[in-house]
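Here is a short briefing on one protein chain.

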Amino acid sequence: MADIRKRIGIMGGTFDPIHMGHLILGEKAYEQFQLDKVLFMPSGNPPHKKNRQGRATDEQRVEMVRRAISDNPHFELSLAEMHENGYTYTYHTLETLKTENPDTDYYFIIGADMVEYLPKWHRIDELIEMVQFVGVQRPKYKAGTSYPVIWVDVPLMDISSSAVRAYINKDRTPNFMVPQSVLAYIKKAGLYK
Ligand code: ATP
Ligand code: MG
């Protein structure tokens, strides 16, 4: 019988703001793993961290993701980790997704900093059985791990949300670091000043 299982990528992140690195990563994983689509899943903030000074609110982070992915038909926004009470664990999110979609294999896309951090993830030994981790090299991180990560082939991108925020804060324009639609939103909302 033909393989009819779906293959879905997940890009999780704070996305404060979403930047070109995230988008390129999602696209390369989509191509290299022949994914059906990639879910962009902003993570919630714990209640005590909500609306942190100088940062975007949950709604603003979601809106920037929405804008950044709007012209890519195989990118989709997922609010699975956006709960009223904030914090969620990937383990629980995946447990729910897999129960709801037993015909789908999930590919969780993470940068090298997150690969290094994998041993500390909540219930990682169970999580690793539920999802295929896809790793992407990142400048300044030497990612080696004993967990089964498949590496995606993407040129090193020295771009981060912190760098974008620092640009805005210094009144510089982060050209080619975030999509124009996101930059326009940041300016209009007066974020990261
Ligand atoms: P911050 O600078 O605020 O920590 P960030 O750029 O790391 O933000 P996140 O939202 O924390 O962005 O990252 C979401 C995911 O994307 C993480 O798995 C992270 O490792 C990965 N990622 C972000 N930027 C890159 C990059 N330039 N290369 C590879 N992976 C990246
Ligand atoms: Mg980060």
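Accessible areas here come from the Shrake-Rupley method with a 1.4 Å probe. On that basis, the accessible surface of the protein chain is about 10,500 Å². Carbon and sulfur atoms account for 50% of that surface. The model is predicted.

**Overall dimensions and burial**
- The C-alpha trace of the protein chain spans about 55 × 35 × 30 Å along its principal axes.
- Of the 193 residues, 47% count as buried.
- Take the contacts between residues at least 6 apart in sequence: 68% of them join residues at least 24 apart.

**Secondary structure**
- The protein chain has 7 helices and 6 strands.
- Their order along the sequence is β-α-β-α-β-α-β-α-α-β-β-α-α.

**Helix 2 and helix 7**
- Helix 2 covers residues 58–69, and helix 7 covers residues 180–189.
- The axes of helix 2 and helix 7 come within 8 Å and cross at roughly 150 degrees.
- Angles over 145 degrees count as roughly antiparallel, so helix 2 is roughly antiparallel to helix 7.
- Helix 2 contributes Gln60, Glu63, Met64, Arg67 and Ala68 to the contact.
- From helix 7 come Ser181, Val182, Tyr185, Ile186 and Ala189.
- The residues of this contact between helix 2 and helix 7 divide into 6 nonpolar, 2 polar and 2 charged.

How values were computed. Residues are numbered from 1 along each chain as its sequence is written. Chains are lettered from A and ligands numbered from 1 in the order in which they are written. This is a predicted model: local features need pLDDT of at least 70, side-chain atom pairs count only at pLDDT 80 or more; totals for chains, interfaces and linings use all residues. Side-chain values use heavy atoms; hydrogens and water are left out. Axes are lines fitted to C-alpha atoms, for helices over the stretch in contact, and angles run from 0 to 180 degrees between N-to-C directions. Helices (H or I, at least four residues) and strands (E, at least two) are DSSP runs, numbered from the N terminus. Angles under 35 degrees count as roughly parallel, over 145 as roughly antiparallel, 65 to 115 as roughly perpendicular and the rest as oblique. Contact means heavy atoms within 4.5 Å. Ala, Val, Leu, Ile, Met, Phe, Trp, Tyr, Cys and Pro count as nonpolar, Asp, Glu, Lys and Arg as charged, and the others, Gly among them, as polar. Buried means under 20% relative accessible area, exposed over 50%, partly exposed in between (1.4 Å probe, protein chains only).
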